[in-house]
Amino acid sequence: MNFQLVLNDAATQSTAYPLDSGKTCLVGRGAECHVQLADPNISRVHCRISVDGSSATIEDAESRWGTEVNGQPVTQHQLLPGDTIRLGKTNLQFEVIASAEATTIMPPARNPVVDVAELQKDSPAGVQPAAKRDTLESLVGTTLNRYEIKELLARGQTGYIFRAQDPKKEQDIALKVFLPELTTQREEMQRIVRSVKTMQHITHDNLLQLYGAGISQQLYWMAMEYVPGENMLQVIKRIGIGGMLPWEYAYRVGVHISRALEVAFEHNIVHRNITPRNILIRKADRVVKLGDLILAKALGNSQASNITVAGEIVGDLAYLSPEQTTGQGIDHRSDIYCLGATLYALLTGRPPHAGRNVADLIMKIQEETPKSLTEYQLSVPGMFEGIIRTMLAKRPEERYDNATVLLAELDRLGKFQNVAVD
């Protein structure tokens, strides 16, 4: 697997820096660096990136201002494709280099969707993946099932999300194609497809609508509502540049996602991954939507859910509840904590805790009380800070019992502050 760093500079075209396997790449502004960046806020040798086969690790070189990955300060960190590295005022994207061979692996789809009935027919013991994760990008410009894939929107811990055209309905959809390593077991495929079909009827304004799912070209996919807008991670990253958001923005997000979690509670679903990148806001009407609820149900207590744990710990650790960092059993109150952590970041531009490394961050999540919201934004009402404090309680029993109770508190705040959310 070959990797590269991509510098997107508004003043010039994008520049790609290949990373050689078995070697350590120095990044900084000094002449001795393999990736030399003209940013006065970067140290002469700012960080090192080591590539060993299919993995890559970034290590801060005791730089003056530190190294961040996806908005979090790191000392040493295993990189995943799609990660954003920030050095000084420069952003670099860590990506997989798609080989020429990879572009020929995925021809336009000719096979129809395979549902549970087809999966139960006589076949080899497991469905083998058609491609590795680094070749999924080559799906752009091809057709999977009937969906014409137009562009890559995002890379996640469980798969890639594309904007695609559904010619049957003449509309854009979001097509999630799962990483092949998640779908190599036949029983796992059956579980996911069956869960999708049984839950397809669950609809709500604050949940991404699911249109269908299946297996084509030995790849598992899920067709969902396309939301023109941005996710909360993009909003949080922008706060440091454009200034703090009005507290009413975070309040609206809290109300909308609490409504989504109320639906999850009614269907006995624990989401497990309430993070800024999983919350979308539609630009046209500011409706906020929660993604991956169906996936949370489909992967519950399955082998596939275990595969994602390492990636989630690395990528979204700062938003996990204390009990998630210890491997304890979790319930709906864990989702309430994660939503509280996201609201905290929307109000401050950073998650409740930051650490020098993974172990330090976990310790702070488990033991340290976050700084007061008013240290960052004086306009936050005391009642709203109190709600978020309760959501972020270390012990689950000290949080709100469920989303319905949380919604009642948020409604009380809205009436007191004369803020209405449609």
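A residue is called buried here when its relative accessible area is under 20%, taken with a 1.4 Å probe. By that cut-off, 52% of the 422 residues in the protein chain are buried. Keep in mind throughout that this is a predicted model.

**Whole chain**

Show the chain as a cartoon. The trace contains 11 helices and 20 strands. Switch to a surface: the chain exposes about 19,500 Å², and carbon and sulfur atoms supply 47% of that area. Among contacts in the protein chain with a separation of 6 or more, 60% are between residues 24 or more positions apart.

Select residues 47-52 and 55-60, which are strands S5 and S6. These two run antiparallel and are joined by six bridges. Within the pair, Ile-49 stands opposite Ile-58 of S6. Now widen the view to the open sheet of five strands, whose order is S4-S3-S5-S6-S9 and whose pairing is mixed. Its edge strands are S4 (35-36) and S9 (76-79), each of which pairs on one side only.

**Six-stranded sheet**

Next, find the open sheet with the order S12-S13-S14-S15-S17-S16, where the pairing is antiparallel. Strand S12 (143-144) and strand S16 (210-216) are at the edges; each has a single partner strand, so one side of each is left without a neighbour in the sheet. Select S16 together with S17 (residues 219-225): six bridges link them in the antiparallel sense. Show side chains here and look for Trp-221 in S17, which has Gly-214 opposite.

**Largest nonpolar core**

In soluble globular proteins, nonpolar side chains tend to be buried together. Which residues have the most contacts inside the largest nonpolar core? They are Val-253, Leu-346 and Phe-384, in a core of 56 residues. To see where the core comes from, colour the elements that give two or more residues to it: helices H3 (232-242), H4 (247-266), H8 (332-348), H9 (358-367), H10 (382-391) and H11 (403-417), along with strands S19 (279-282) and S20 (288-290). Helix H4 gives the most, with 11 residues.

Centre on Val-253. Leaving aside residues up to four places away in sequence, Val-253 touches Met-232, Ile-279, Val-288, Leu-343 and Leu-346.

**Second core**

Finish at a second, separate core, which has 23 residues. Select Phe-3, Leu-5, Cys-25 and Cys-47, which are included in this core.

Definitions and conventions: Residues are numbered from 1 along each chain as its sequence is written. This is a predicted model: local features need pLDDT of at least 70, side-chain atom pairs count only at pLDDT 80 or more; totals for chains, interfaces and linings use all residues. Side-chain values use heavy atoms; hydrogens and water are left out. Two strands pair if DSSP finds at least two bridges between them. Helices (H or I, at least four residues) and strands (E, at least two) are DSSP runs, numbered from the N terminus. A nonpolar core is a set of buried Ala, Val, Leu, Ile, Met, Phe, Trp, Tyr and Cys residues joined through side-chain atoms within 4.5 Å. Buried means under 20% relative accessible area, exposed over 50%, partly exposed in between (1.4 Å probe, protein chains only). Contact means heavy atoms within 4.5 Å. Accessible areas come from the Shrake-Rupley method with a 1.4 Å probe; for residues, only the protein chains shown count as cover.
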